[in-house]
Amino acid sequence: MNFSPHIPDTSHSGPCPSPPPTPPCSSLSLTPHQVRKALKKNRARKVTGPDGISSRLLKSCTDQLCGIFSHMFNLSLKLGRVPQLWKTSHSWS
């Protein structure tokens with residue numbers, strides 16, 4: 001197995017090539033119980049994220065959302081892809 005880092009060829013004048021895709025992580029998964037526990041730890045007074053959903057709402061709907069969220073997280077791990085919106089953050093300073 002080759003573990004050498006991917007070094008893009010920058011000798012041409014075209015756009016930089018995309019990085020190689022992240023390999024799927026089929027051995028890692030989250031259970032609804034783990035997601036429920038993480039959501040319950042969420043502070044209800046935290047500022048809303050870029051999606052506009054308040055942490056208070058997430059915390060109060062934990063039991064209804066933990067199965068859906070664990071499915072989404074596991075699908076992301078299985079496919080080796082992270083939705084672009086999950087990579088978005090805001091600086092509130």
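Predicted model: local features only at pLDDT ≥ 70, side-chain atom pairs only at ≥ 80, totals over all residues.
**Entry 1: α1 against α3**

On the α1 side I found Pro-32, Val-35, Arg-36, Leu-39 and Lys-40. They meet Thr-62, Asp-63, Cys-66, Gly-67, Phe-69, Ser-70 and Phe-73 of α3. Sorting the residues of this contact by class, I got 6 nonpolar, 3 polar and 3 charged.

**Entry 2: how the two helices cross**

Next I looked up the geometry. The axes of α1 and α3 come within 8 Å of each other, and they cross at roughly 120 degrees. I therefore noted α1 as oblique to α3. The crossing of this pair is right-handed.

**Entry 3: the largest pocket**

Then I turned to open space. The largest pocket has a volume of about 550 Å³. I counted 20 lining residues, and those closest to the centre of the pocket are Asp-51, Leu-58, Phe-69, Phe-73 and Trp-86.

Which helices each supply at least two residues of the lining? I noted α1 (32-41), α2 (55-60) and α3 (62-79). By class, the lining has 12 nonpolar, 6 polar and 2 charged residues.

**Entry 4: a link I liked**

Conventions:
Residues numbered from 1 in each chain as written. Heavy atoms only, no water. 1 Å grid on protein atoms, 1.4 Å probe; cavity = no way out; pocket = protein on both sides within 12 Å on 5 of 7 lines; lining within 4 Å. Points joined across faces, edges and corners; volume = space filled by probe spheres on them. Helix = DSSP H or I, 4+ residues; strand = E, 2+ residues; numbered from the N terminus. Nonpolar A, V, L, I, M, F, W, Y, C, P; charged D, E, K, R; others polar. Axes fitted to C-alpha atoms, helices over the stretch in contact; angles between N-to-C directions. Parallel < 35°, antiparallel > 145°, perpendicular 65-115°, else oblique. Left-handed = near helix turned anticlockwise from the far one by under 90°. Contact = heavy atoms within 4.5 Å.
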